[in-house]
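Subject: Handing over the structure

Hello,

Here is the structure I promised to pass on to you. Have a look at it first, and then read my notes below.

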There are 4 protein chains.
Amino acid sequence: MKTFGQFLQSGDWKGEKHVPVIHAPEKVKAGETFDLRVSIGDEIPHPNTLEHYISWIKVFFFQEGGKFPVELAEFKFTAHGEGGNFSEPAGTTKVKLDKAGTIYAISYCNIHGVWENSQEIVVE
Amino acid sequence: MKTFGQFLQSGDWKGEKHVPVIHAPEKVKAGETFDLRVSIGDEIPHPNTLEHYISWIKVFFFQEGGKFPVELAEFKFTAHGEGGNFSEPAGTTKVKLDKAGTIYAISYCNIHGVWENSQEIVVE
Amino acid sequence: MKTFGQFLQSGDWKGEKHVPVIHAPEKVKAGETFDLRVSIGDEIPHPNTLEHYISWIKVFFFQEGGKFPVELAEFKFTAHGEGGNFSEPAGTTKVKLDKAGTIYAISYCNIHGVWENSQEIVVE
Amino acid sequence: MKTFGQFLQSGDWKGEKHVPVIHAPEKVKAGETFDLRVSIGDEIPHPNTLEHYISWIKVFFFQEGGKFPVELAEFKFTAHGEGGNFSEPAGTTKVKLDKAGTIYAISYCNIHGVWENSQEIVVE
Ligand SMILES: [Fe+3]
Ligand SMILES: [Fe+3]
Ligand SMILES: [Fe+3]
Ligand SMILES: [Fe+3]
């Protein structure tokens, strides 16, 4: 039997449309606010219908030398055609960090499960 | 006894720091994706501590001539100082609309309750 | 133009299947944990399909003499037939209150919008 | 660098207070609704303060022979002392399954990160 952690799939987002893309600076200043963007389908769009859609992206941060990841934000994409309205799987928030570490994005497709990606960030 | 709807406060975001600000074009094309941004504290920053913070902003759309609002997206801001990390109350997503209507943003402060704002948008 | 608060519909849950039902004791002791249950469709089941479903129920508490409601919990029902799996719109959590007040349940149907209900509770 | 899946900790919930407990029947009938409960701290209570709390529990189901887990429900516990109100980390929802498989519960403590547990269920 698998652990849940083993269900988190990954890959190159340029070829696999479920992998979340992390758009963050390579380097930021400690305690300075910056835009953190995550998105899905930058290269190959993912379907967005009532039957098949990206439901959410969560963002965590793991501080170098830390013990546990901290959740920074969660984006829910909740319209998939109701009344002709759609929200697409891209979310931005503003973030302040104290030390260098790794940003993780986790996403969920209602048909194809849970995906992850990560990116290191220098904080100085 | 109040209905819950009567708890939704509003005001001018330039003077009242809890009112969500909606950043959307005045006019978009039907079925064309655009960036929809909501934020709190554009003029007067809201506190962001473990004791007092903005927890979430939800975005709904009410189509002109429609009957019910459709939820477009929800943003959760989940870090308020844990390990020196913070997420600030600003969220952007991508949206496609079919007809003109009104965008609503609803936000929640863990101390000061529920707030709303709205903005009309032309879809052509 | 309506405020968002004006979109929150209500009614008798025995006749209107969207109205959330609040299952709570009439009286509890201050600081003592009790089960708080909210559900939809106790009398008339609501559809649960990929096209039409109850997405979430939020629960707030407004303390008598207080100024703002406090969010107690949120339940998301996220499976509507994927792989033959379904979650139905009923959620229970455990709650501790300090003073008497009113419990509010807010729910969202992806087709029929936002609904509310309330129930007073004595805390002694 | 770790993958995010590697951050999901587990253990015996009788000794480790962060591990979610799954309360489900061992055997259910296909398509028949049953109560699925998840909770934290059944044996050793977890703190519930503004500084340290369980934020959410997500529930997934992985069907035997399937490829991807399906999210069944999410519970957010949002009151940690505001106005003397608390929600404790226990959530119940109603579920219908089609085939046997494994239920997974994932939880998040704002200080101690992400935890998981699982339980097999026979569906006949
Ligand atoms: Fe997919
Ligand atoms: Fe506030
Ligand atoms: Fe409905
Ligand atoms: Fe903890």
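**The iron sites**

In chain C, the iron ion (ligand 3) has five protein donors listed for it: C:His18 (NE2), C:His46 (NE2), C:His52 (NE2), C:Cys109 (SG) and C:His112 (ND1), which lie 2.1 to 2.4 Å from the ion. Donors here are N, O and S atoms within 2.8 Å of the metal (3.2 Å for Na, K and Ca), and water is not among the atoms, so sites may look incomplete.

Before going further, a word on how to read all this. The model is predicted, so local features need pLDDT of at least 70 and side-chain atom pairs count only at pLDDT 80 or more, while totals for chains, interfaces and linings use all residues. Residues are numbered from 1 along each chain as its sequence is written, chains are lettered from A and ligands numbered from 1 in the order in which they are written, and side-chain values use heavy atoms, with hydrogens and water left out.

Back to ligand 3: along the sequence, its donor residues are spaced H-x27-H-x5-H-x56-C-x2-H. C:His46 counts as buried because its relative accessibility is 8%, and C:His52 counts as buried at 15%.

In chain A, the iron ion (ligand 1) is coordinated at 2.1 to 2.4 Å by A:His18 (NE2), A:His46 (NE2), A:His52 (NE2), A:Cys109 (SG) and A:His112 (ND1). The spacing of these donors along the chain is H-x27-H-x5-H-x56-C-x2-H. Distant parts of the chain are linked here: A:His18 sits in the segment before strand 1 (21–23) of chain A, and A:His52 is in the loop between strand 3 (34–39) and strand 4 of chain A, 34 residues apart. (Helices, H or I with at least four residues, and strands, E with at least two, are DSSP runs numbered from the N terminus.) With a relative accessibility of 5%, A:His18 counts as buried; A:His52 is buried too, at 16%.

Chain D holds the iron ion (ligand 4), coordinated at 2.1 to 2.4 Å by D:His18 (NE2), D:His46 (NE2), D:His52 (NE2), D:Cys109 (SG) and D:His112 (ND1). D:His18, in the segment before strand 1 (21–23) of chain D, and D:His46, in the loop between strand 3 (34–39) and strand 4 (54–63) of chain D, are 28 residues apart. D:His18 is buried, with a relative accessible area of 4%, and D:His46 is buried at 8%.

An open sheet of 10 strands runs in the order 2(A)-8(A)-7(A)-4(A)-5(A)-5(B)-4(B)-7(B)-8(B)-2(B), with mixed pairing. Strand 2 (27–28) of chain A and strand 2 (27–28) of chain B stand at the edges with a single partner strand each, so one side of each has no neighbour in the sheet. Two strands pair if DSSP finds at least two bridges between them. Within chain B, strand 7 (residues 101–109) and strand 8 (residues 113–123) run antiparallel and are joined by 9 bridges. B:Tyr108 stands opposite B:Val114, a residue of strand 8 of chain B.

**Where the chains meet**

Chains A and B each give 30 residues to their contact (heavy atoms within 4.5 Å). Between them they bury about 2400 Å², 48% of it on carbon and sulfur atoms; buried area is the accessible area (1.4 Å probe) that two parts lose on being put together, summed over both. A:Asn85, A:Lys94 and A:Lys96 supply 21% of the area that chain A buries against chain B, more than any other three residues.

There are 2 salt bridges between chain A and chain B (a side-chain nitrogen of Lys or Arg within 4 Å of a carboxyl oxygen of Asp or Glu). A:Lys96 and B:Glu88 meet in a salt bridge through their side chains (3.8 Å, N to O). Strand 6 of chain A gives the largest share of the side of chain A that touches chain B, 10 residues.

Chain B and chain D bury about 690 Å² between them, 49% of it on carbon and sulfur atoms.

Best wishes

Methods: Buried means under 20% relative accessible area, exposed over 50%, partly exposed in between (1.4 Å probe, protein chains only).
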